[in-house]
Amino acid sequence: MNMQKDDRSERRALEAVEHHHADMITRLKALVAALIHAVEAHDPAAEVNAREVLVEWCETELIPHALAEEGPLYKRPGKTEQGRLLVEGMLAEHRVIVGLVDELRRAQGVSAAVAAGAVQHIFALHLDKENRLLMPFIALSPELSLADAVEGLHELVGEAHIHSDYRTKPAI
Ligand SMILES: [Fe+2]
Ligand SMILES: [Fe+2]
């Protein structure tokens, strides 16, 4: 039970993660589009470059984001009766995304474009569930706190928000 939970802090935490998700999908779409374009243009040098940039982004942004979520953001609701199945489904999607990134590392040509497109669409679907189902569930559950779950995790809220304070300052 978190005695300090307040609605404004929960809303700010939700907005911070939503904002970071929006930045992530924008970047991912641009990187995937560059790879597809290189494959369609039959430009092997551009393809290798686009695939490397995309894989690196997945390794340094996408997968660390998923791993950070598997801490408090998923663990606490995963122990509740109402949240357990949703969290199980979300974890399964993380595994699919990690598997696709692995496939992408080894793929070439059309196979690389197909794997990249799959990462993009599954991640888009996944973050929509986080935004619309998981995080509102946490924010609205009296025994859970979204502000607590994301505190200090730049992988979840982005660098811009890491030093901002979600918590409502006490009224003086
Ligand atoms: Fe996730
Ligand atoms: Fe996420």
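The legends below describe close-up views of a predicted model.

Figure 1. Eight helices and zero strands make up the secondary structure. Read along the sequence, the pattern is α-α-α-α-α-α-α-α. The C-alpha trace spans about 65 × 35 × 20 Å along its principal axes. Of the 172 residues, 35% count as buried. Among contacts with a separation of 6 or more, 71% join residues 24 or more positions apart.

**Figure 2. Confidence along the chain.** The average pLDDT is 91, and 90% of the residues score at least 70. Helix H4 has the highest mean pLDDT among the elements, at 98. Helix H8 (residues 159-162) has the lowest, at 66. Where pLDDT is low, the predicted coordinates should not be read in detail.

**Figure 3. Helix H4 and its buried residues.** H4 covers residues 84-106, which makes 23 residues. At 1.5 Å a residue it should span 33 Å; its end C-alpha atoms lie 34 Å apart, so the two values agree. The buried residues of H4 are Val87, Met90, His94, Ile97, Leu100, Val101 and Leu104. An α-helix has 3.6 residues a turn, so residues three or four places apart point the same way. The buried residues of H4 pack against helix H2 (44-69), helix H3 (72-78) and helix H5 (109-140).

**Figure 4. Helix H2, with a kink at Cys58.** H2 has 26 residues. From its first C-alpha to its last it reaches 36 Å, close to the 38 Å expected at 1.5 Å a residue. A kink of about 40° is centred on cysteine 58. Cys58 is also one of the buried residues of H2.

**Figure 5. Helix H5, with a bend at Glu130.** H5 has 32 residues. Its first and last C-alpha atoms are 46 Å apart, close to the 46 Å expected at 1.5 Å a residue. The helix bends by about 40° at glutamate 130.

Figure 6. Leucine 54 touches Leu31, Val32, Leu35, Leu104 and Ala116, leaving aside residues up to four places away in sequence.

Figure 7. Valine 150 sits in helix H6 (residues 146-150). Valine 150 has 28 other C-beta atoms within 10 Å, so it counts as buried; the cut-off for that is 20 or more. Leaving aside residues up to four places away in sequence, valine 150 touches Ala13, Ala16, Val17, Leu73, Leu156 and Val157. Tyrosine 74 is 76 residues from valine 150 in sequence, yet their C-alpha atoms are 10 Å apart.

**Figure 8. His42, in the loop between H1 and H2.** Histidine 42 lies in this loop. Its phi is positive, at about 55°, although the residue is not a glycine.

**Figure 9. Thr80, in the loop between H3 and H4.** Threonine 80 is placed in this loop. With 15 other C-beta atoms within 10 Å, threonine 80 is partly exposed. Glutamate 143 is 63 residues away in sequence, but the two C-alpha atoms are 9.5 Å apart.

**Figure 10. Lys29, in helix H1.** Lysine 29 belongs to helix H1. It is partly exposed, with 13 other C-beta atoms within 10 Å. Serine 9 is 20 residues away along the chain, and the C-alpha atoms of the pair are separated by 30 Å.

Definitions and conventions:
Residues numbered from 1 in each chain as written. Chains lettered and ligands numbered in written order. Predicted model: local features only at pLDDT ≥ 70, side-chain atom pairs only at ≥ 80, totals over all residues. Helix = DSSP H or I, 4+ residues; strand = E, 2+ residues; numbered from the N terminus. Expected span 1.5 Å × (residues − 1). Buried ≥ 20, exposed ≤ 12 C-beta atoms within 10 Å, placed from the backbone. Contact = placed C-beta atoms within 7 Å. Bend = angle between axes of the 7 residues up to and from the residue. pLDDT = per-residue confidence, 0-100.
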